[in-house]
Amino acid sequence: MGAKGKKEIGHLSLFQDKFIRLNRLIVHTVATLLSIGQVCIGLRSSGKLDPAHPKHYNDIAIALLARQIGATMITENVRDFEMIREIVDFDFQSPLNTG
């Protein structure tokens with residue numbers, strides 16, 4: 001989504017092809033997709049998500065995919081993920097705390 005130009009798109013395509021070949025591509029379940037919608041509604045209701053500029057959508061999708069597979073996310077974006085965790089529980093931590 002954030003790729004700029006053919007070179008970056010090509011690099012990302014090769015990268016994703018490796019995950020597909022290794023059977024390591026994880027796809028959201030229907031239940032997770034519905035949960036993403038519920039989190040978006042919750043954040044919008046609290047005034048923390050602007051539907052015209054839903055900048056947190058990708059973060060919500062990543063958080064709930066991690067939850068779906070039982071993973072702990074490691075992110076420096078603590079502020080946004082704490083906001084998401086106000087609506088739905090999932091595990092994440094800062095790389096500064098992995099240590």
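How many salt bridges does a search of the whole structure find? The search finds two, a salt bridge being a side-chain nitrogen of Lys or Arg within 4 Å of a carboxyl oxygen of Asp or Glu.

The model is predicted: local features need pLDDT of at least 70, side-chain atom pairs count only at pLDDT 80 or more, and totals for chains, interfaces and linings use all residues. Residues are numbered from 1 along each chain as its sequence is written, and side-chain values use heavy atoms, with hydrogens and water left out.

**Salt bridges**

| Pair | N to O distance |
|---|---|
| Lys48 and Glu86 | 2.5 Å |
| Arg79 and Asp80 | 3.8 Å |

Lys48 sits in the loop between α2 and α3, and Glu86 in the loop between α4 and β2 (92-93), so this pair ties together parts that are 38 residues apart in sequence. Helices (H or I, at least four residues) and strands (E, at least two) are DSSP runs, numbered from the N terminus. Lys48 is partly exposed at 33% relative accessibility, whereas Glu86, at 55%, counts as exposed. Here buried means under 20% relative accessible area, exposed over 50%, and partly exposed in between (1.4 Å probe, protein chains only).

Leaving aside neighbours within four places in sequence, Lys48 is in contact with Leu43, His56, Met83 and Glu86; contact means heavy atoms within 4.5 Å. Lys48 and Glu8 are 40 residues apart in sequence, and their C-alpha atoms are 31 Å apart in space.

In the other pair, Arg79 is exposed at 63% relative accessibility, while Asp80 is buried at 10%. Asp80 belongs to helix α4. Not counting residues up to four places away in sequence, Asp80 touches His56 and Asp59.

**Nonpolar core**

The largest nonpolar core has 17 residues, and those with the most contacts inside it are Val39, Leu43, Ile60, Met73, Phe81, Ile84 and Phe90. Helices α2 (30-45), α3 and α4 (78-85) each supply at least two residues of this core. The most comes from α3, with five residues. A nonpolar core is a set of buried Ala, Val, Leu, Ile, Met, Phe, Trp, Tyr and Cys residues joined through side-chain atoms within 4.5 Å. In soluble globular proteins, nonpolar side chains tend to be buried together.

Ile60 is part of helix α3 (residues 57-69) and is buried, with 0% relative accessibility. Apart from neighbours within four places in sequence, Ile60 is in contact with Ile36, Val39, Cys40, Leu43 and Ile84.

**Largest pocket**

About 260 Å³ of space lies in the largest pocket. Its lining consists of Phe19, Arg24, Leu25, Ile26, His28, Ile62, Leu65, Ala66, Ile69 and Ala71. Helix α3 gives the most to this lining, with four residues. By class, the lining has eight nonpolar, one polar and one charged residues.

A pocket is an open set of points on a 1 Å grid over the protein atoms alone, where a 1.4 Å probe fits, with protein on both sides within 12 Å along at least five of seven lines; lining residues have an atom within 4 Å of a point.

Key:
Grid points are joined across faces, edges and corners, and a volume is the space filled by probe spheres set on the points. Ala, Val, Leu, Ile, Met, Phe, Trp, Tyr, Cys and Pro count as nonpolar, Asp, Glu, Lys and Arg as charged, and the others, Gly among them, as polar.
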